[in-house]
Amino acid sequence: PEYDERVILVSSTGKDNKHQLFLNGIEHTHSHYPEVDICAPGYDLMGASCTQSKDALNNCSVNNWPYYGSYGGTSFATPIVAGVCALMKSVNPCLTPALAQSIIKSNADLIEDAYLFPGLVGAGRINAYKSVMAAGTKLLNGGLNTSTTYSAGYVVNINNATVLNNANIIIQARKEISIVGPFEVQLGSSVN
């Protein structure tokens with residue numbers, strides 16, 4: 001099937017970090033197929049339930065307290081991924097859908113039983129912390145020869161960089177600016 005590559009296809013894992021779930025000896029497993037990009041928690045999640053419901057004849061009835069319960073499915077896993085994307089966008093307003101997907105996949109945690117579903121559960125289980133931190137990190141390397149401001153939500157990593165051609169570079173980060181390897185500012189150039 002064809003789909004828009006910007007869409008992140010989601011499946012689910014349980015609290016035991018497994019894709020496969022057994023309830024009373026019966027297997028209950030959510031979607032797994034080659035197009036899945038990432039998994040997120042989707043079994044035994046607490047959620048709100050409706051205070052009213054309608055039957056087949058459209059008659060309303062009041063549901064009894066409690067108005068919450070244990071639910072599951074990819075419909076519960078998908079909003080978790082959307083929420084992580086929103087957090088990533090909050091630390092990096094220039095984040096593109098392709099970059100968000102790449103960051104999420106490259107920072108995923110392993111799913112314990114992924115070997116039972118080879119190539120069918122995506123890159124692993126989403127790791128919100130690592131994904132948001134990666135989205136908020138800016139890497140500067142090579143020749144920096146244009147006056148500009150580099151901003152990052154959390155960290156700017158400068159790796160083997162040279163500021164040249166009278167460039168005025170401004171670097172801003174909420175958490176830290178890290179310099180690794182050689183870093184040179186040529187005569188006439190500046191870094192703030």
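This is a predicted model: local features need pLDDT of at least 70, side-chain atom pairs count only at pLDDT 80 or more; totals for chains, interfaces and linings use all residues.

Modeller: Residues are numbered from 1 along each chain as its sequence is written, and side-chain values use heavy atoms, with hydrogens and water left out.

Biologist: In the open sheet that contains β10, β12 and β14, what is the order of the strands?

Modeller: Strands here are DSSP runs of E with at least two residues, helices are runs of H or I with at least four, and both are numbered from the N terminus; two strands pair if DSSP finds at least two bridges between them. Five bridges join β10 (residues 148–152) to β12 (residues 168–173) in parallel, and Thr149 has Ile170 as its bridge partner in β12. Two bridges join β12 to β14 (residues 190–191), also parallel, with Asn168 partnered by Ser190 and Ile169 by Val191. The order of this three-stranded sheet is therefore β10-β12-β14.

Biologist: Which strands of that sheet have one side left without a neighbour?

Modeller: Each strand at an edge has a single partner strand, so one of its sides has no neighbour in the sheet. The strands at the edges are β10 and β14.

Biologist: What is the average twist from one strand to the next in the sheet β9-β11-β13?

Modeller: This is an open sheet of three strands with parallel pairing, in which β9 and β11 (residues 155–163) pair over eight bridges, with Gly142 opposite Ala161 in β11. Its edge strands are β9 and β13 (176–185), each pairing on one side only. With axes taken as lines fitted to C-alpha atoms, for helices over the stretch in contact, and angles running from 0 to 180 degrees between N-to-C directions, the twist averages 5°.

Biologist: Against which elements do the buried residues of α3 pack?

Modeller: In helix α3 (residues 128–135), the buried residues are Ser131, Val132, Met133 and Ala135. Seen from another residue, Met88 is in contact (heavy atoms within 4.5 Å) with Ser131, Val132 and Ala135, among others, leaving aside neighbours within four places in sequence. The buried residues of α3 pack against α1 (74–91), α2 (97–106) and β9 (137–144).

Biologist: Is Gln101 buried or exposed?

Modeller: Gln101 is placed in helix α2, and it touches Glu5, Arg6, Val7, Ile8 and Asp37, not counting residues up to four places away in sequence. Its relative accessible area is 8%, so Gln101 is buried.

Biologist: Is Gly119 buried or exposed?

Modeller: Gly119 is placed in the loop between α2 and α3, and it is in contact with Tyr33 and Pro34, leaving aside its neighbours within four places in sequence. Its relative accessibility is 59%, so Gly119 counts as exposed.

Biologist: Which residues are linked with Asp109 in a network of salt bridges?

Modeller: A salt bridge is a side-chain nitrogen of Lys or Arg within 4 Å of a carboxyl oxygen of Asp or Glu. Asp109 meets Arg125 at 3.3 Å, N to O, and Lys130 at 3.4 Å. Lys130 lies in helix α3 and Asp109 in the loop between α2 and α3, so the pair ties together parts that are 21 residues apart in sequence. The residues linked with Asp109 in this network are Arg125 and Lys130.

Technical notes
Buried means under 20% relative accessible area, exposed over 50%, partly exposed in between (1.4 Å probe, protein chains only).
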